[in-house]
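This briefing is intended to be read beside the sequence and the three-dimensional structure. Please consult both while following the points below.

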Amino acid sequence: MNIKPLADRVLIVPAPAEEKTVGGIIIPDTAKEKPLKGEVVAVGQGTKEEEMILKVGDTVLYGKYAGTELEFEGNKYLIMRQSDVVAVLG
């Protein structure tokens, strides 16, 4: 991974949006709900005030408007503060 988050930030690969159909009509990508779940692929070192408790491989839930979207080498990621993560699944 060539992206290394700093401080208390984590890099997440969002789960793919679920396909929805309405009466046989497929909803286009632009109308799909933004996923609120993803996998942590990189973590920062944490800060003096906040220890990094998330680790690579964790499946997490985050807020609907959390993080900043970025695209790197054709892949979509979210980078956000650890405090924007609301739960770890598993």
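V86 is found in strand β8, where strands (E, at least two residues) and helices (H or I, at least four residues) are DSSP runs numbered from the N terminus. The model is predicted: local features need pLDDT of at least 70, side-chain atom pairs count only at pLDDT 80 or more, and totals for chains, interfaces and linings use all residues. Residues are numbered from 1 along each chain as its sequence is written, and side-chain values use heavy atoms, with hydrogens and water left out.

- V86 is exposed, with a relative accessible area of 61%; exposed means over 50%, buried under 20%, and partly exposed in between (1.4 Å probe, protein chains only).
- Leaving aside neighbours within four places in sequence, V86 is in contact (heavy atoms within 4.5 Å) with L61 and Y62.
- The C-alpha atoms of V86 and L61 lie 5.7 Å apart in space, although 25 residues separate the two in sequence.

**Strand β5 and its partners**

- Strand β5 covers residues 59-62 and pairs with β8 in the antiparallel sense over 4 bridges; two strands pair if DSSP finds at least two bridges between them.
- Within this pairing, L61 has A87 of β8 as its bridge partner, and T59 has L89 of β8.
- Strand β5 also runs antiparallel to β4, to which 3 bridges join it.
- The covered face of β5 carries V60 and Y62, whereas T59 and L61 belong to the uncovered face.

**The sheet as a whole**

- An open sheet is formed by 6 strands in the order β6-β7-β1-β4-β5-β8, with antiparallel pairing.
- Its edge strands are β6 (68-72) and β8 (85-89), each of which pairs on one side only.
- From one strand to the next, the twist averages 40°; axes are lines fitted to C-alpha atoms (for helices over the stretch in contact), and angles run from 0 to 180 degrees between N-to-C directions.

**Salt bridges**

- Side chains of opposite charge can pair when their charged atoms come close.
- The structure holds 2 salt bridges, a salt bridge being a side-chain nitrogen of Lys or Arg within 4 Å of a carboxyl oxygen of Asp or Glu.
- One of them joins the side chains of R81 and D8, at 2.8 Å from N to O.
- This pair links distant parts of the chain, 73 residues apart: R81 is in strand β7 (residues 75-81) and D8 in the segment before β1 (9-14).
- R81 counts as partly exposed at 35% relative accessibility, while D8 counts as buried at 7%.
- D58 and K55 form a salt bridge in which the closest N and O atoms are 3.3 Å apart.
- D58 is buried, with a relative accessible area of 11%, whereas K55 is exposed, with 51%.

**Model confidence**

- The protein chain averages a pLDDT of 88, and 83% of the residues score at least 70; pLDDT is the predictor's confidence in each residue, from 0 to 100.
- Among the elements of the protein chain, strand β4 (residues 37-43) has the highest mean pLDDT (97) and strand β2 (residues 21-22) the lowest (62).
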